[in-house]
Every structure is written in structure tokens, then in C-alpha cells.
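Hello,

Here is the structure for your files. Please open it alongside this note; the findings follow below.

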Amino acid sequence: MSGRDLFCPPRRLRRGAALTLVFASVLVAGAATGSLPGPDAEPPARGAGSPVTVSRHQEVARAAAQAMADGTSPMEAAERAVSRSGDRWDAVYSQGEYKEFEQALDGRYTGVGLWARRERDGRIEVTRVSGGSPAAVAGIRGGDRLRTVDGHKVDGRPVTEVVSLLRGDADDAPAGTSVTLGLERGTRAWSLTLRRARLSTDSVTVHRLPDGATVIKVAAFTRGVGGTVRTAVRNAPADAGIILDLRGNSGGLVTEAVTAASAFLDGGLVATYDVDGRQRALHADPGGDTARPLVTLVDGGTMSAAELLTGALQDRGRAVVVGSRTFGKGSVQMPSRLPGGSVAELTVGHYRTPSGHAVDGRGITPDLDAGRDPLGRAERVLGGLGDPS
């Protein structure tokens, strides 16, 4: 298996919007979900029923080639061919969109630097602002409410749509273009115009709770994240537990998720997936910390590679999972380059957790509900797991 993400978040909601979905809860207006394997990588996974899958890739490629011969758009022809499958994960991407994928896999994106979430009442609330970003310079801070983007009301919208507006996906807006935000803070309401910029995201943040427990928040599995998680575990106080916060993490590189699993497991199975009708397996490296109390915090925005990691820790009895049911994205996509340079990604199979649980369309059910205070609930559960020594 290659080091690329074969378990990608949902594809095109409309042209360009799918690029936002790895950071589905992050209003950074930029993300990636996967990429083509490199020249030395093993071909990506194909699912059960492979002969049908391969013919679908060939069908899409033939449609693109015929369009080129006819002098029409090969990408549009490929999109029409893909849409006939009815699979919501199938998609065709332009060269530019796939370049965005590659950049975001390195933790780079175009946006304004807002992290946010949708509250139960539909409000979009800023949870964090990236230091030095356009949003930070403009004085936006955590707790502010985002009301509009370029005049579009955002209350009640999925965060992915809000991200698409911030990115300017409809216009393929590059860095330097402007976006106008309507905001509220208490009784104050105001609007301001920011210019999008090329930014870097910290996919992993670590902080210490008053009782000494360490919270490791993973926003996405971009390059290097697995190693960063392992370092954070090694540096955590030996006499306290860890909360692994995967809320809003909608995927990234599967290899990074497996490396993160290796921080908590001493080898063994992480997940299985099918290729050409044959089962293959992903294994953790030996030597992880198997004694320290661990709680994994999830929600409905926990997707894809993050679900793979959650399922492994839960099935292996390594973590207590707290939160709400995860999204349920467990299908495998295979990318292929098409005539004209675009890329088709078609669903070719599914992965399962170590106990054989199928994630796609079902998600992972937590061991305990999070209630109204997810982090507080996780901290209380962690406190009840005992002394790691």
C-alpha cells in the first residue's frame, strides 16, 4: 500500500468545495484529502469486485480521451461519466485542484486563518485564530460569531459550505483576493474585509490540563503528524493520562494515522482493507505506550483516517472513546490520471476496524456520550481510568 490517503472525505459538493473537507471544522478555507501515489509507490487499493472497478476507471478515461479527440472538454466528459455511478464519493478533479491537495498534505492552505465550529443552534462560532493570519491581524478572536461571508448568511449552513465561501471556491479565488465577513461579539456587530493568504496550519496542538493530563488535538493527518503525536506522547508527564482529541478531524494521510496509532500500541492490527478482492492489513509499529490511560474524543466531524485510528484504539481495548457517533467514511478511493491532466477518484472498496467493524455509512459508536461538556467529560473519564504507573 502506498503512503497516500485511500480513505478520503466526501468529494465534490460543487466545483472546488471538496478541497475544504479535510479541515471540515476549520475555517481556514483550504484542505486536501489525498493524492496520486508517487512513481515508486505501490498502486492504490482496489475494492472487492475489482473487475467492475477497473472497467469504470477505463470507462472514464475513454470518455475523456474521446472528448479530447472531439475538441470538447475532457474533464466535463469525465465528470458526466463519473456522475452515472451515483456514488457520492466519486469525483473528477482538475490539475489545479489536485495541486491544492498536495499543498494541503504539507499543511499549507489558502485562507484567512479561522478555526470554527457550528453550534447546536446552527451558529458558526470562531474557536481559534491562527497567529499572524489575516484574521488575527484584523482582531478576530475565539468566541466571535461569524454571521455572513460576502453577504451570504452562514447560520445553519454546514461548516464545509462556510469554508467554501471563505475560500472563494466558486471563483477559484487565489491568495490576495478579498472576502468580507460579518461578525458579532456580545452586543457588537461589525463587518470587515480580509485578503486571503497562503498560510500553514498546526495540525497538532498540545496543552496541559490543571490535573496534569495532556490533550493532544489532531486537526488533520497531514505529513509529519504521526511523528508529532508520538513525540507528544513521549513528552507527556509519566504520571498522567492523555486525551486524544479527534473532533472535527476529517482525514488525511492514512500512513500518518497508522503512525499515530503506533504511539499507543505495541504493534498489531490497525485496520484491514480489500484490494482486488484480497484482504490487506495495516499494522502499528512495536514499542508504543500501552500503559498510560487514554481517552479518545470524537464527534460527527471525525472522519476517514481519524475513524480508522479511533476504531483501532477502541477495538484493541487501548482507549475509551467519548463523544458522539463519527461520520462514517470508510470507503476506499483509487485515483487515476486522465487524458487532459485531470484526476478521477472512484470508490473501489472499504476498510474495517480490527474487530471487523465496517465504518462506511455507520461510523463508530463511542463507549460514552460526551454530553454538553465533551472535554470535561473526557477528563472525568480519564481520571477514572487509574494511575498509569
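T272 is buried, at 19% relative accessible area (buried is under 20%, exposed over 50%, partly exposed in between; 1.4 Å probe, protein chains only). T272 sits in strand 13, residues 269-275 (strands are DSSP runs of E, at least two residues; helices are runs of H or I, at least four; numbering starts at the N terminus). Leaving aside residues up to four places away in sequence, T272 touches Q279, R280, A281, H350, Y351 and R352 (contact means heavy atoms within 4.5 Å).

A note on the source: this is a predicted model, where local features need pLDDT of at least 70, side-chain atom pairs count only at pLDDT 80 or more, and totals for chains, interfaces and linings use all residues. Residues are numbered from 1 along each chain as its sequence is written, and side-chain values use heavy atoms, with hydrogens and water left out.

Next, helix 7 (residues 254-262). Seven of its nine residues are buried, so helix 7 is largely enclosed by the rest of the structure. Among them are V254, A257 and A261.

Now the salt bridges. The count is 13 (a side-chain nitrogen of Lys or Arg within 4 Å of a carboxyl oxygen of Asp or Glu). R56 and D90 form one, at 2.3 Å, N to O. R56 is in helix 1 and D90 in the loop between helix 2 and strand 1, so the pair ties together parts 34 residues apart in sequence. D90 is buried, at 8%.

D155 pairs with R145 at 2.4 Å, N to O. D155 also bridges to R147, at 3.5 Å between the closest N and O atoms. R145 is buried at 18%, while D155 is partly exposed at 31%. A salt-bridge network links R145, R147, D155 and E184.

Best wishes
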